[in-house]
Amino acid sequence: MLVHELSHALAGRLGGIHVRRITLFMLGGMAHMEREPPTWRSELVMAAVGPVTSLALGLLFLWLAGLVDGPLEVDPEDPRAALAALSPLATLLAWLGPVNLLLGVFNLVPGFPLDGGRVLRALIWGATGSLRRATRWASWGGQAFAWLLIGTGMLMLFGLVVPVLGGGPWSGLWLMFIGWFLNNAALVSYRQLLVKETLEAVPVARIMQTSLTRIDPDLSVERLAEQQMMASGQRVLPVERAGRFLGLVSLSDLQRSERRAWSRMSAADIMTPVSRLACVAPQDDAGEALAELARRGVNQLPVVENGRLVGLLRREDVLKWLALHEATGAS
Ligand SMILES: [Zn+2]
(Lines give C-alpha, C1' and ligand atoms only; values in the text may rest on other atoms or scores of the structure.)
Protein backbone atom coordinates (compact mmCIF):
# COMPACT_ATOMS: atom_id res chain seq x y z
CA MET A 1 0.00 0.00 0.00
CA LEU A 2 2.80 2.39 0.88
CA VAL A 3 4.62 1.69 -2.40
CA HIS A 4 1.30 2.13 -4.25
CA GLU A 5 0.75 5.57 -2.67
CA LEU A 6 4.41 6.54 -3.15
CA SER A 7 4.03 5.81 -6.87
CA HIS A 8 1.10 8.29 -7.01
CA ALA A 9 3.23 10.85 -5.16
CA LEU A 10 6.19 10.35 -7.47
CA ALA A 11 4.08 10.58 -10.63
CA GLY A 12 2.45 13.70 -9.18
CA ARG A 13 5.80 15.28 -8.47
CA LEU A 14 6.91 14.66 -12.06
CA GLY A 15 3.72 16.44 -13.18
CA GLY A 16 4.30 19.36 -10.80
CA ILE A 17 1.77 18.37 -8.09
CA HIS A 18 3.24 17.88 -4.68
CA VAL A 19 1.86 15.33 -2.28
CA ARG A 20 2.41 16.67 1.21
CA ARG A 21 1.45 13.53 3.07
CA ILE A 22 0.26 9.99 2.66
CA THR A 23 -2.31 8.47 5.01
CA LEU A 24 -2.48 4.71 5.49
CA PHE A 25 -5.59 3.52 7.27
CA MET A 26 -7.74 0.45 7.82
CA LEU A 27 -9.30 0.51 4.35
CA GLY A 28 -6.30 1.57 2.29
CA GLY A 29 -4.13 4.55 1.58
CA MET A 30 -4.53 8.07 0.39
CA ALA A 31 -2.04 10.47 -1.17
CA HIS A 32 -3.04 14.04 -0.30
CA MET A 33 -2.43 16.23 -3.34
CA GLU A 34 -1.99 19.93 -2.65
CA ARG A 35 -4.23 20.62 -5.68
CA GLU A 36 -6.08 18.74 -8.42
CA PRO A 37 -4.11 17.79 -11.55
CA PRO A 38 -4.16 20.69 -14.05
CA THR A 39 -4.86 18.60 -17.17
CA TRP A 40 -6.63 15.35 -17.94
CA ARG A 41 -3.34 13.85 -19.11
CA SER A 42 -1.57 14.44 -15.79
CA GLU A 43 -4.63 13.05 -13.95
CA LEU A 44 -4.53 9.96 -16.18
CA VAL A 45 -0.85 9.28 -15.53
CA MET A 46 -1.07 9.98 -11.82
CA ALA A 47 -4.12 7.73 -11.37
CA ALA A 48 -2.99 4.83 -13.55
CA VAL A 49 0.48 4.53 -12.04
CA GLY A 50 -0.95 3.21 -8.73
CA PRO A 51 -2.73 0.06 -9.96
CA VAL A 52 0.08 -0.57 -12.46
CA THR A 53 2.57 -0.49 -9.58
CA SER A 54 0.46 -2.88 -7.48
CA LEU A 55 0.02 -5.32 -10.37
CA ALA A 56 3.76 -5.19 -11.13
CA LEU A 57 4.59 -5.75 -7.44
CA GLY A 58 2.20 -8.70 -7.34
CA LEU A 59 3.87 -10.37 -10.30
CA LEU A 60 7.32 -9.57 -8.89
CA PHE A 61 6.52 -11.19 -5.52
CA LEU A 62 5.10 -14.32 -7.18
CA TRP A 63 8.17 -14.55 -9.40
CA LEU A 64 10.46 -14.15 -6.36
CA ALA A 65 8.48 -16.84 -4.51
CA GLY A 66 9.21 -19.14 -7.44
CA LEU A 67 12.90 -18.21 -7.36
CA VAL A 68 13.19 -18.84 -3.62
CA ASP A 69 11.57 -22.27 -3.54
CA GLY A 70 11.84 -23.40 -7.14
CA PRO A 71 8.97 -25.00 -9.07
CA LEU A 72 6.11 -26.34 -6.96
CA GLU A 73 5.19 -30.01 -7.17
CA VAL A 74 1.41 -29.91 -6.74
CA ASP A 75 -0.39 -33.13 -5.98
CA PRO A 76 -3.87 -32.70 -7.56
CA GLU A 77 -5.31 -34.90 -4.80
CA ASP A 78 -4.06 -32.57 -2.06
CA PRO A 79 -3.06 -29.09 -3.36
CA ARG A 80 -2.69 -27.68 0.17
CA ALA A 81 0.25 -29.95 0.89
CA ALA A 82 2.37 -28.04 -1.64
CA LEU A 83 1.64 -24.73 0.13
CA ALA A 84 2.41 -26.25 3.52
CA ALA A 85 5.84 -27.34 2.23
CA LEU A 86 6.88 -23.76 1.29
CA SER A 87 9.67 -22.04 3.25
CA PRO A 88 8.62 -19.03 5.44
CA LEU A 89 10.07 -16.49 2.98
CA ALA A 90 8.34 -18.13 0.01
CA THR A 91 5.08 -18.26 2.00
CA LEU A 92 5.33 -14.53 2.66
CA LEU A 93 6.05 -13.81 -1.00
CA ALA A 94 3.27 -16.16 -2.18
CA TRP A 95 0.88 -14.22 0.06
CA LEU A 96 2.12 -10.73 -0.92
CA GLY A 97 1.80 -11.56 -4.63
CA PRO A 98 -1.96 -12.20 -4.82
CA VAL A 99 -2.70 -9.48 -2.24
CA ASN A 100 -0.99 -6.89 -4.43
CA LEU A 101 -2.72 -8.21 -7.55
CA LEU A 102 -6.05 -7.91 -5.74
CA LEU A 103 -5.23 -4.37 -4.60
CA GLY A 104 -4.37 -3.42 -8.19
CA VAL A 105 -7.56 -4.95 -9.61
CA PHE A 106 -9.80 -3.45 -6.91
CA ASN A 107 -8.36 0.00 -7.57
CA LEU A 108 -9.04 -0.35 -11.30
CA VAL A 109 -12.83 -0.36 -10.69
CA PRO A 110 -14.09 2.71 -12.59
CA GLY A 111 -15.66 4.45 -9.60
CA PHE A 112 -14.37 7.78 -8.34
CA PRO A 113 -12.41 8.29 -6.03
CA LEU A 114 -10.76 4.91 -6.69
CA ASP A 115 -7.86 5.06 -9.16
CA GLY A 116 -9.95 3.48 -11.91
CA GLY A 117 -12.54 6.20 -11.33
CA ARG A 118 -9.84 8.83 -11.70
CA VAL A 119 -8.74 7.19 -14.95
CA LEU A 120 -12.39 7.28 -16.12
CA ARG A 121 -12.67 10.92 -15.04
CA ALA A 122 -9.50 11.83 -16.94
CA LEU A 123 -10.83 10.14 -20.10
CA ILE A 124 -14.27 11.84 -19.88
CA TRP A 125 -12.53 15.12 -19.05
CA GLY A 126 -10.35 14.71 -22.15
CA ALA A 127 -13.34 13.79 -24.34
CA THR A 128 -15.79 16.48 -23.13
CA GLY A 129 -13.45 19.18 -21.85
CA SER A 130 -15.57 19.51 -18.71
CA LEU A 131 -14.01 18.55 -15.40
CA ARG A 132 -17.35 19.02 -13.68
CA ARG A 133 -19.25 16.62 -15.94
CA ALA A 134 -16.35 14.13 -15.79
CA THR A 135 -16.36 14.24 -11.99
CA ARG A 136 -20.15 13.79 -11.85
CA TRP A 137 -20.08 10.72 -14.08
CA ALA A 138 -17.06 9.18 -12.36
CA SER A 139 -18.74 9.84 -9.02
CA TRP A 140 -21.87 8.03 -10.25
CA GLY A 141 -19.60 5.12 -11.14
CA GLY A 142 -18.23 5.18 -7.60
CA GLN A 143 -21.71 5.22 -6.08
CA ALA A 144 -22.89 2.39 -8.33
CA PHE A 145 -19.92 0.24 -7.33
CA ALA A 146 -20.45 1.13 -3.67
CA TRP A 147 -24.12 0.01 -3.82
CA LEU A 148 -23.04 -3.18 -5.59
CA LEU A 149 -20.73 -3.90 -2.62
CA ILE A 150 -23.48 -3.07 -0.11
CA GLY A 151 -25.97 -5.30 -1.96
CA THR A 152 -23.49 -8.17 -2.23
CA GLY A 153 -22.65 -7.78 1.46
CA MET A 154 -26.36 -8.03 2.32
CA LEU A 155 -26.76 -11.20 0.26
CA MET A 156 -23.67 -12.63 2.01
CA LEU A 157 -25.48 -12.08 5.32
CA PHE A 158 -28.14 -14.42 3.95
CA GLY A 159 -25.72 -17.10 2.85
CA LEU A 160 -24.42 -16.03 -0.57
CA VAL A 161 -20.84 -17.20 -1.18
CA VAL A 162 -18.83 -15.11 -3.65
CA PRO A 163 -15.57 -16.32 -5.23
CA VAL A 164 -12.47 -14.59 -3.70
CA LEU A 165 -14.62 -12.61 -1.20
CA GLY A 166 -16.12 -15.67 0.48
CA GLY A 167 -19.33 -15.57 2.49
CA GLY A 168 -20.76 -15.41 5.98
CA PRO A 169 -22.10 -12.55 8.12
CA TRP A 170 -18.72 -11.00 9.03
CA SER A 171 -17.49 -10.81 5.43
CA GLY A 172 -20.92 -9.46 4.48
CA LEU A 173 -20.87 -6.71 7.12
CA TRP A 174 -17.29 -5.86 6.19
CA LEU A 175 -18.22 -5.52 2.51
CA MET A 176 -21.22 -3.36 3.38
CA PHE A 177 -18.97 -1.13 5.47
CA ILE A 178 -16.49 -0.72 2.60
CA GLY A 179 -19.40 0.07 0.26
CA TRP A 180 -20.78 2.67 2.67
CA PHE A 181 -17.32 4.23 2.94
CA LEU A 182 -16.85 4.34 -0.85
CA ASN A 183 -20.31 5.82 -1.38
CA ASN A 184 -19.52 8.64 1.05
CA ALA A 185 -16.16 9.25 -0.58
CA ALA A 186 -17.78 9.43 -4.04
CA LEU A 187 -20.45 11.90 -2.86
CA VAL A 188 -18.01 14.05 -0.91
CA SER A 189 -15.48 14.33 -3.71
CA TYR A 190 -18.15 15.56 -6.14
CA ARG A 191 -19.47 18.08 -3.61
CA GLN A 192 -15.93 19.27 -2.93
CA LEU A 193 -15.50 20.02 -6.61
CA LEU A 194 -18.79 21.97 -6.69
CA VAL A 195 -17.71 24.00 -3.68
CA LYS A 196 -14.31 24.65 -5.21
CA GLU A 197 -15.89 25.79 -8.48
CA THR A 198 -18.40 28.04 -6.69
CA LEU A 199 -15.63 29.65 -4.64
CA GLU A 200 -13.22 29.95 -7.57
CA ALA A 201 -11.79 33.46 -7.93
CA VAL A 202 -13.92 34.76 -5.01
CA PRO A 203 -11.73 36.87 -2.68
CA VAL A 204 -11.96 36.41 1.07
CA ALA A 205 -12.98 40.09 1.34
CA ARG A 206 -16.38 39.35 -0.26
CA ILE A 207 -17.29 36.68 2.28
CA MET A 208 -15.67 37.84 5.51
CA GLN A 209 -17.52 39.36 8.47
CA THR A 210 -16.52 42.99 8.97
CA SER A 211 -18.76 44.34 11.72
CA LEU A 212 -16.96 42.91 14.71
CA THR A 213 -16.88 43.63 18.40
CA ARG A 214 -13.23 44.22 19.21
CA ILE A 215 -11.77 44.36 22.70
CA ASP A 216 -8.85 45.99 24.48
CA PRO A 217 -6.04 43.72 25.80
CA ASP A 218 -6.48 45.23 29.29
CA LEU A 219 -10.19 44.35 29.53
CA SER A 220 -10.76 42.04 32.50
CA VAL A 221 -11.75 38.49 31.65
CA GLU A 222 -14.78 38.79 33.89
CA ARG A 223 -16.21 41.71 31.90
CA LEU A 224 -15.14 40.07 28.66
CA ALA A 225 -17.10 36.93 29.47
CA GLU A 226 -20.19 38.54 30.94
CA GLN A 227 -20.62 41.56 28.70
CA GLN A 228 -18.77 41.18 25.41
CA MET A 229 -18.88 37.46 24.66
CA MET A 230 -22.61 37.11 25.37
CA ALA A 231 -23.72 40.41 23.84
CA SER A 232 -21.73 40.26 20.63
CA GLY A 233 -22.97 36.94 19.29
CA GLN A 234 -19.41 36.13 18.23
CA ARG A 235 -17.62 32.97 19.26
CA VAL A 236 -14.29 34.80 19.19
CA LEU A 237 -13.33 38.34 20.11
CA PRO A 238 -10.41 40.05 18.36
CA VAL A 239 -8.00 41.82 20.70
CA GLU A 240 -6.63 45.15 19.44
CA ARG A 241 -4.55 48.04 20.74
CA ALA A 242 -4.40 51.26 18.75
CA GLY A 243 -5.59 49.49 15.63
CA ARG A 244 -2.98 46.74 15.89
CA PHE A 245 -4.31 43.17 15.87
CA LEU A 246 -2.85 41.23 18.83
CA GLY A 247 -4.81 37.99 18.99
CA LEU A 248 -8.17 36.26 19.48
CA VAL A 249 -10.05 35.24 22.59
CA SER A 250 -12.30 32.27 21.90
CA LEU A 251 -14.86 30.41 23.99
CA SER A 252 -12.36 27.60 24.50
CA ASP A 253 -9.71 30.10 25.70
CA LEU A 254 -12.26 31.15 28.32
CA GLN A 255 -13.10 27.57 29.26
CA ARG A 256 -9.43 26.72 29.67
CA SER A 257 -8.76 29.63 32.03
CA GLU A 258 -9.26 29.42 35.79
CA ARG A 259 -12.80 30.65 36.56
CA ARG A 260 -11.87 32.06 39.99
CA ALA A 261 -9.04 34.16 38.55
CA TRP A 262 -11.23 35.91 35.99
CA SER A 263 -11.39 39.17 37.94
CA ARG A 264 -7.58 39.35 38.16
CA MET A 265 -6.85 38.42 34.53
CA SER A 266 -7.05 40.47 31.36
CA ALA A 267 -7.86 39.54 27.77
CA ALA A 268 -4.14 39.62 26.94
CA ASP A 269 -3.51 36.82 29.48
CA ILE A 270 -5.83 34.27 27.91
CA MET A 271 -5.89 35.24 24.20
CA THR A 272 -4.27 33.18 21.46
CA PRO A 273 -1.59 35.57 20.16
CA VAL A 274 -1.47 36.44 16.46
CA SER A 275 1.86 34.58 16.13
CA ARG A 276 0.00 31.31 16.79
CA LEU A 277 -2.93 32.03 14.47
CA ALA A 278 -3.24 31.24 10.78
CA CYS A 279 -4.21 34.49 9.06
CA VAL A 280 -5.42 35.20 5.53
CA ALA A 281 -5.32 38.36 3.43
CA PRO A 282 -8.48 40.02 2.02
CA GLN A 283 -7.46 39.28 -1.58
CA ASP A 284 -6.78 35.57 -0.86
CA ASP A 285 -8.86 32.93 -2.61
CA ALA A 286 -11.91 31.92 -0.53
CA GLY A 287 -11.62 28.30 -1.69
CA GLU A 288 -8.06 28.14 -0.36
CA ALA A 289 -9.18 29.75 2.89
CA LEU A 290 -11.92 27.13 3.29
CA ALA A 291 -9.32 24.39 2.77
CA GLU A 292 -7.17 26.06 5.44
CA LEU A 293 -10.14 26.14 7.85
CA ALA A 294 -10.61 22.41 7.32
CA ARG A 295 -6.90 21.60 7.57
CA ARG A 296 -6.54 23.44 10.88
CA GLY A 297 -9.90 22.31 12.23
CA VAL A 298 -10.80 25.88 13.27
CA ASN A 299 -14.06 27.80 12.86
CA GLN A 300 -12.61 31.14 11.73
CA LEU A 301 -9.55 32.78 10.27
CA PRO A 302 -8.59 36.39 10.99
CA VAL A 303 -8.27 38.47 7.81
CA VAL A 304 -5.26 40.73 8.28
CA GLU A 305 -3.77 43.48 6.15
CA ASN A 306 -0.62 45.36 7.23
CA GLY A 307 -0.99 44.22 10.83
CA ARG A 308 -4.63 45.43 11.03
CA LEU A 309 -7.60 43.15 11.35
CA VAL A 310 -10.02 43.89 8.50
CA GLY A 311 -12.43 41.00 9.08
CA LEU A 312 -13.05 37.46 10.20
CA LEU A 313 -13.67 34.61 7.79
CA ARG A 314 -15.94 32.17 9.58
CA ARG A 315 -16.95 28.72 8.45
CA GLU A 316 -20.65 29.64 8.63
CA ASP A 317 -20.07 32.69 6.39
CA VAL A 318 -18.61 30.44 3.69
CA LEU A 319 -21.57 28.07 4.03
CA LYS A 320 -24.01 30.98 3.86
CA TRP A 321 -22.30 32.28 0.71
CA LEU A 322 -22.43 28.81 -0.85
CA ALA A 323 -26.12 28.44 0.00
CA LEU A 324 -26.91 31.81 -1.60
CA HIS A 325 -24.97 31.11 -4.77
CA GLU A 326 -26.05 27.54 -5.25
CA ALA A 327 -29.70 28.48 -4.70
CA THR A 328 -29.67 31.34 -7.21
CA GLY A 329 -27.43 29.53 -9.67
CA ALA A 330 -25.22 32.60 -9.89
CA SER A 331 -21.41 32.55 -10.26
ZN1 LIG B 1 -4.19 4.46 -5.78
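This report walks through the overall shape, the cores and the strands of the protein shown above.

## Getting oriented

What you're looking at is a predicted model, where local features need pLDDT of at least 70, side-chain atom pairs count only at pLDDT 80 or more, and totals for chains, interfaces and linings use all residues. Residues are numbered from 1 along each chain as its sequence is written.

The protein comes to 13 helices and 7 strands. Helices (H or I, at least four residues) and strands (E, at least two) are DSSP runs, numbered from the N terminus. The domain assignment gives domain 1 (1-108), domain 2 (124-199) and domain 3 (204-328); such bounds come from an automatic or database domain assignment. Between the C-alpha centres of domain 1 and domain 2 there are 21 Å.

How far does the C-alpha trace of the protein span along its principal axes? It spans about 85 × 50 × 45 Å. The radius of gyration is 27 Å, while a compact globule of 331 residues would have one near 20 Å. That radius is taken over C-alpha atoms, and the globule rule is 2.2 Å times the number of residues to the power 0.38.

As for burial, 30% of the 331 residues count as buried. Buried here means that 20 or more other C-beta atoms lie within 10 Å of a residue's own, exposed means 12 or fewer, and partly exposed is in between, with C-beta atoms placed from the backbone. Two residues are in contact if their C-beta atoms, placed from the backbone, lie within 7 Å. Among contacts between residues at least 6 apart in sequence, 59% join residues at least 24 apart.

## Two cores

A nonpolar core is a set of buried Ala, Val, Leu, Ile, Met, Phe, Trp, Tyr and Cys residues joined through C-beta atoms within 7 Å. The largest one has 25 residues, and Ile124, Ala134, Ala138, Leu182 and Ala186 touch the most other members. Two or more residues each come from helix H2 (40-69), helix H5 (115-128), helix H6 (131-157) and helix H7 (169-199). H6 gives the largest share, 8 residues. Why does this core lie between domain 1 and domain 2? Because domain 1 (1-108) and domain 2 (124-199) both give residues to it.

Let's zoom in on alanine 138: leaving aside its neighbours within four places in sequence, it is in contact with Phe112, Gly117, Leu120, Arg121 and Ile124. There is also a second, separate core of 13 residues, which includes Val204, Ala289, Leu290 and Leu313.

Among the buried residues of H7 are Gly172, Leu175, Leu182, Ala186 and Tyr190. What covers them includes H6 and helix H12 (286-296). Just after H7, alanine 201 takes a positive phi of about 60°.

Over in helix H2 sits tryptophan 63. Is tryptophan 63 buried or exposed? It's exposed, with 12 other C-beta atoms within 10 Å.

## The strands

Two strands pair if DSSP finds at least two bridges between them.

| Pair | Bridges | Example of facing residues |
|---|---|---|
| S1 (19-25) and S2 (28-33) | 6 bridges | leucine 24 and glycine 29 |
| S4 (244-250) and S5 (272-273) | 2 bridges | glycine 247 and proline 273 |
| S6 (300-305) and S7 (308-314) | 6 bridges | leucine 301 and leucine 313 |

S1 and S2 form a hairpin with 2 residues between them. S6 and S7 form a hairpin as well, again with 2 residues between them, and asparagine 306 in the turn has a positive phi of about 50°. S7 is mostly covered, with 5 of its 7 residues buried.

S4 belongs to an open sheet of 3 strands in the order S3-S4-S5, with antiparallel pairing. Its edge strands, S3 (236-241) and S5 (272-273), each pair on one side only. Glycine 243 is found in the loop between S3 and S4, and it counts as exposed, with 10 C-beta neighbours inside 10 Å. Glycine 243 and glycine 307 are 64 residues apart along the chain, and their C-alpha atoms are separated by 8.5 Å. Tryptophan 63 and leucine 301, by contrast, are 238 residues apart in sequence and 54 Å apart in space, C-alpha to C-alpha.
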